[in-house]
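Hello,

I am handing over the structure we talked about, so that you can look at it alongside my notes. Please open it first and then read on.

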Amino acid sequence: MSIQAIADVKRPAQYSEAEWDARVQLACCYRLIDHFGLTDLVYNHITVRLPDDSHDFGKEIFLINGFGLHYSEITASNLIRVDMDGVAQDESDYPVNGPGYVIHSAIHGARHDVVCIIHTHSLAGCAVSSMKQGLIPLDQQSMMFHNRITYHDLEGIATNLDEQSRLVADLGEKNAMILRNHGLLTVGRSVGEAFRRLYYLERACKLQVQAMQSGAELIIPSDEVAEHTAHQWDHGLAQQGTIDPIEWPALMRLMQRKDPSFMS
């Protein structure tokens, strides 16, 4: 039986098929972030905007984790529906994370092409976020972000609603952002697309930190080569430019083998 078929069997009656699919994929994404060692205790957040026709709230709704649950505990059914005012639409023993609301509601509200947003505080991501030169395109994967990543200066813990306009302006139409002295953020038209960007952005940061630690003189490809490679990624190399990345089904199967409870 496929992952989708198993998830459909477990779908509670109160959720539409579209919402349950979004919940399963988002829960899987939380588990993947934990699997790859990118969690920060119970902090950080991943959200998914629900399709308007998947619920009857009459307003925009996104799903987020209950603040206090570890990513390894996230399941499709314990995700919380939140409106753009930060009001939870579900009863839960866990509150909505304040900075999670500030960051994610701002982007979901401004970018209607964005379905999923991922924000992390990984060690390598925070290290590169603290480097004045930012991300350096050192290999093929990191070149997918050449001239396609933006930066947002730290303003403290993101609890100030006034920061939302600056956050949105700094992101613009790009799909990856380094939050200076803070961490990483990616967006996507699907959960798989956002996760793929985050995975390779994290990998690029790890590569940069390790290469710089070696003390060897770095070979930095020319701007022309970096742009050419980024253009190749943009236009479908290994399905990079598509809404459904080729890796996503395999990653969902990986989590199913490891612990299928995310589908419950």
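Let's begin with helix α8, which spans residues 248–258 and has W248, L251, M252, M255 and Q256 as its buried residues. Looking down the axis of α8, these buried residues fall within an arc of 145°, so they line one face of the helix. Before going further, please keep in mind that this is a predicted model.

What lies over them? Just after α5 you will come to G172, which takes a positive phi of about 60°.

Next, have a look at T120. This residue sits in strand β4, residues 116–120, and counts as buried at 2% relative accessibility. Leaving out residues up to four places away in sequence, T120 touches I33, L38, N44, H182, G183, L184 and L198.

Now to the charged side chains. How many salt bridges does the structure hold? There are 15.

- E60 and R49 form a salt bridge whose closest N and O atoms are 2.5 Å apart. E60 lies in the loop between β1 (45–49) and β2 (61–64), and R49 lies in strand β1, so the pair ties together parts that are eleven residues apart in sequence. E60 is partly exposed at 25% relative accessibility, whereas R49 is buried, with a relative accessible area of 11%.

- R203 and D139 form another salt bridge, with 2.6 Å between the closest N and O atoms. R203 belongs to helix α6 (residues 191–214) and D139 to the loop between α4 (123–129) and β5, so this pair ties together parts that are 64 residues apart in sequence. R203 counts as partly exposed at 33% relative accessibility, and D139 is buried with a relative accessible area of 16%.

- E247 and R196 also form a salt bridge, their closest N and O atoms being 2.7 Å apart. This pair links distant parts of the chain, 51 residues apart: E247 is in the loop between α7 (223–234) and α8, and R196 is in helix α6. E247 is partly exposed at 22% relative accessibility, while R196 is buried at 6%.

- E19, R23, R81 and D90 are linked in a network of salt bridges.

How many disulfides does a search of the whole structure find? C205 is in no disulfide either, as its nearest cysteine sulfur, that of C126, is 9.3 Å away. C116 is buried, with a relative accessible area of 0%, and C205 is buried, with a relative accessible area of 0%.

Enjoy exploring the model!

Best wishes

Methods. Residues numbered from 1 in each chain as written. Predicted model: local features only at pLDDT ≥ 70, side-chain atom pairs only at ≥ 80, totals over all residues. Heavy atoms only, no water. Buried < 20%, exposed > 50% of the residue type's maximum accessible area, 1.4 Å probe, protein only. Disulfide = S-S within 2.5 Å. Helix = DSSP H or I, 4+ residues; strand = E, 2+ residues; numbered from the N terminus. Contact = heavy atoms within 4.5 Å. Arc of directions from axis to C-beta. Salt bridge = Lys/Arg side-chain N within 4 Å of Asp/Glu carboxyl O.
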